[in-house]
Amino acid sequence: MGLALFYVKKFFKIVRNEVLVLPSRVVVGLFFIVLLGLPLITQDPYIVRIVILTSIFAILAASWDLLSGFTGQMNFGHALFFGVGAYSSALINLHAHIPPWGSVPLGAVVAVLAGLIVGIPCLRLKHTYLALTTLAFPIILTGIIFALPQYTGGEFGLSGVTRFTNSLIGNYYLHVVTMLVTAVVMWKITDSNTGIIFHAIREDELAVKASGINTTRYKLLAFSLSGFFAGIAGGLYAHYMRIAGPSTLEVSMSFMVVIWAIFGGAATIYGPIGAVFILYPLLEFFRIWPEYRTMIFAAVVLVILLYMPEGLIHWIRDKIETECPRCKIRNAATRKTCRVCTAGLD
Amino acid sequence: MNILITGLITGSMLALLAIGFSLIFGVARIVNIAHTAFYMVAAYCIYYLSVRVGLNPLLSMLTAVAAVTVLGLLVYKFLIDPIREHEGAVLIATIALAMVFQEVTLRLFTGDYRTVDFLITGFFTVGGVKVFYQQLLTFGVVLVTLGAVWFLLMKTRLGLAIRSMAEDREVANLMGMNESRLAMITLGISVALAGLTGAVLAPLTVLNPYMWMEPLIIMMAVVVLGGLGSIKGSFVAAFILGFTEALVVFLVPKGAFLKGSVALTIMILVLLIRPEGLFGVSFEEER
Amino acid sequence: MKIMTLGWRLALTCCIVMVMCFPAWGRTIKIGVIGPMQFVQGKGHWAGATMAADEINARGGVQVGGEKMKIELIKADSNEFINVADATNAMERLMTQDKVDFVVGGFRTEAVFPMQDIAMDYKKIFIDCGAATTALCTRVAENYNRYKYFFRQTPFNDIYLVRTSFAHLAMAAAVMKKELNVPIKCAIVAEKAAWTDGMIKAAQATIPKLGMELVGTWQPSDKATDVTAELSAIQKSGANVVFTIFSASVGITFARQAGELKIPAAQVGINVEAQKDGFWEATKGMGNYVFTTNTYCRGVEYNELTTPFMDKFIKRFNETPTYTAGGTHDAILYALVPSIEAVGSLDADKIVAHLENREYKVPSGIVKYEKTKDGKPTHDLTWGPGYLTSLGVQWQDGKLVGVWPNKWKLAPDGPEATYKGIVPMKLPPWLKK
């Protein structure tokens, strides 16, 4: 009893001292609470569906960020991992009759292999060369899929994939919790030693090499990790839609991922997730003007970029928080002095 | 013989598109995804002027190229220039721009397929292959344009500036060249080239608002294969991929749909051996 | 400033939504029309649906039990050519936001599969008016309890589609034999797509049986803009008939370039672009003598319903109805409404039980739903003389005319089909040396 009370007290202390002091942490906390509590407010299947799809794409966008945002290995063919994840978990589910909870991770493992297959030849390429080369991979795979319709279903895709569960709320929590967990895992990765090395590779690969770090290994690690999470997103998508089709590999899918991630702010993990949670429902909202939907969407992206080229979430964070010039600790923008070292903020 | 002629024609079209893309990348480091969207806009302009308004085809082509160039400059001035420093932002801005063009075209002309009249009708036969005069014309225009671009780059002061900017931006800037203005001029040339491609290609293709996606990929493949920023490289690579496509169509008729995939595979294979493309200058790590 | 306008927009939207919700006094029958609304197929869906709904509402509505109900159509843009996830969202929206009673439409198979699943989740009747894949209906037979709410209205399935085309090919060959007296050499040109694969295999097996020599198969991409390479190769092979299977823009490219280059071969088969009124303009007249299957053709009459429907449609929309337009129209006017009135309720299970056993007349023939050999209903369409046959149409000097079926029999002793307004097929003059 006393122990439980101790932990409850400790929890509240952490909330008060670590979360409530920074607006961004409050926002993240609210985000968790709202997402997890949404079914209490509404159980509208349409809204639930939108949130589920948004969560799936949020994993995808964050996984792009893990690779491209952090290590700077511009990947223009992220749809490859998504499609490989979707197709392989669908194939495993259909032919080996393994239920979704087994086929999705297996599909993600196949996507890791895809990440390595793409990553190894791309190690020598840099910048735009890398971006434009990776763009080619999903297209080549689409060609292969069309060439082997007896195994892949050609342009119709593989239909008849089973769902995790047919209950609305079950599906909701499954996808949302998976998204939150993978997001936290990805964020932890980027916050760890490995993440710092990823960051350093983007800033100056030569310097990292000179410090005796095997950058090749880390770049491949980034490719596999990113492939793994994108593969999970692809598997979830295939099982939720009950079909894995060539549309998962389209160029527009790759472009969309890049738009989401950069719109939110690259190299943050939370940026792309926030961007997907803004942009995807927004695109749905524009259904009230069906003819102008895509046009308005593109225009919104253009205009926001014009004012916030660093990304929307970055911009918001800079508005609500300031960095202490002395100790580099972040503070709420309303404070006059730093909460740690009491240096003046201006 | 078939392969030779088809390869030459496909290659020349690719070359025209790729050189514009390569130019603007070389000078301003802008990966302009909307490049082929400008080509689409030009094609639709010609359709509107020559079919709907009933203008002389030649005149409508010239108008279209001019209009697209102006459009390109305006877009650059107001949307791209302010965010030039943020590479990622520029990238997705051009994607969004292409989407806007696509949607506007879709609104104005619907998704129906459209076609434009040939400038010169008819065909002639070479070695058992029937060739349209229009294709010959396209080929001619490509050669003339390439000549003009080469002259501009190699023999004029502007060309010298563009080349030095492509070589080393910072030093060129220190030498007193106005980087922003030069980028704008180059973008104008680049978009004009895209418009010109639209003009000579429009009669040979079927117009629809999504037509910018298909050549985009293969154009990028050409540019990467040839080496970014290298005009000569783009030219050579365009013909390599053009011939590859022709070979696939003729040797594996059942696999004609695979021509894109095969071309891209070749690109990747070449890059494995030469990571900076065939003629790319392996520019120093920009810090 | 920007935030202000956004706020205003939101407020405005709320107002519009509220205003739109209010006039729904009295119960209406809500029918969702789903399709790619930016494209010809979706426009057809919507045009056919509005025409059927207006006709029913003009006569007072639908008699459901003791109540007269009006039909309310809800348009949903599936955007299915571009984004399959969008299509499923649109379907979910129809089911849960708009709470429709029935859904008609659909086109791209990859999108219709998940849309079918969603409609079945909510046990709503979904009538497919565009996808030809047999597997959609196989699901009905395999899992009747789940998929029984799915029906096909148009077109008949891909197996019958290709058999129709073989009948066309046989007729073209007969005409050529008679007029030119040469051995027939046939080339297959099909766009690369999964739906054509089965057809190509069937064609490769059937063409030699029809007494023709098969000289080769070409598969350009469905969006190819230049097929001169393929054309030169076809000419070199000596083919004088080209069996085409096209649904996308390559149909225009192929017809235009073949006509321009005067390739000495007749084009017979499926060319969806050639079914449209705009084909002549799109090929700049080079698509002359192109032959394709089609559902409607001005001047051709299947039965007494055809001409009134065609006249009304042409008067209202100023174009020949496409098969998606006709199918959607029939789905509402001839399939759903009579069954609703017969069972006197909107209960989906009762309507399914009634509809699947009906045999009814539509402007393009007679609809009867098929059963598998062991008697399981598939909700697929019966094909053949007396039921649905579709037409063979040919472009002759700027006009699309019907040329098939002309004394056509499915079995040697079966019934014969010829419709009113059919004219003889013509061969391109450049074929006769």
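Me: A residue counts as buried if 20 or more other C-beta atoms, placed from the backbone, lie within 10 Å of its own, as exposed if 12 or fewer do, and as partly exposed in between. How many of the 5 residues of strand β14 of chain C are buried?

Reply: This is a predicted model, in which local features need pLDDT of at least 70 and side-chain atom pairs count only at pLDDT 80 or more, while totals for chains, interfaces and linings use all residues. Residues are numbered from 1 along each chain as its sequence is written, and chains are lettered from A and ligands numbered from 1 in the order in which they are written. Helices (H or I, at least four residues) and strands (E, at least two) are DSSP runs, numbered from the N terminus. Strand β14(C), residues 377-381, is largely enclosed by the rest of the structure, because the count of its buried residues is 4.

Me: Which residue of β14(C) stands opposite K371(C)?

Reply: Strands pair if DSSP finds at least two bridges between them, and β13(C), residues 365-371, pairs with β14(C) in the antiparallel sense over 2 bridges. The two strands form a hairpin with 5 residues between them, and G375(C) in the turn has a positive phi of about 85 degrees. Opposite K371(C) stands P377(C).

Me: Which element gives the most residues to the side of chain B that touches chain A?

Reply: Taking residues as in contact if their C-beta atoms, placed from the backbone, lie within 7 Å, the contact involves 37 residues from chain B and 34 residues from chain A. On the chain B side, two or more residues come from each of α4 (87-109), α9 (213-226) and α11 (259-273). The element that gives the most, with 13 residues, is α4(B).

Me: How many charged residues has the side of chain C that touches chain B?

Reply: This contact takes 30 residues from chain C and 26 residues from chain B. Among the elements of chain C, α9(C) gives the most to this side, with 6 residues. Counting Ala, Val, Leu, Ile, Met, Phe, Trp, Tyr, Cys and Pro as nonpolar, Asp, Glu, Lys and Arg as charged, and the others, Gly among them, as polar, the side has 9 nonpolar and 12 polar residues, and its charged residues number 9.

Me: What is the radius of gyration of chain B?

Reply: Chain B has 11 helices and 2 strands, and 56% of its 287 residues count as buried. The radius is taken over C-alpha atoms, and the globule rule is 2.2 Å times the number of residues to the power 0.38. A compact globule of 287 residues would have a radius near 19 Å, which agrees with the value for chain B, 19 Å.

Methods
Contact = placed C-beta atoms within 7 Å.
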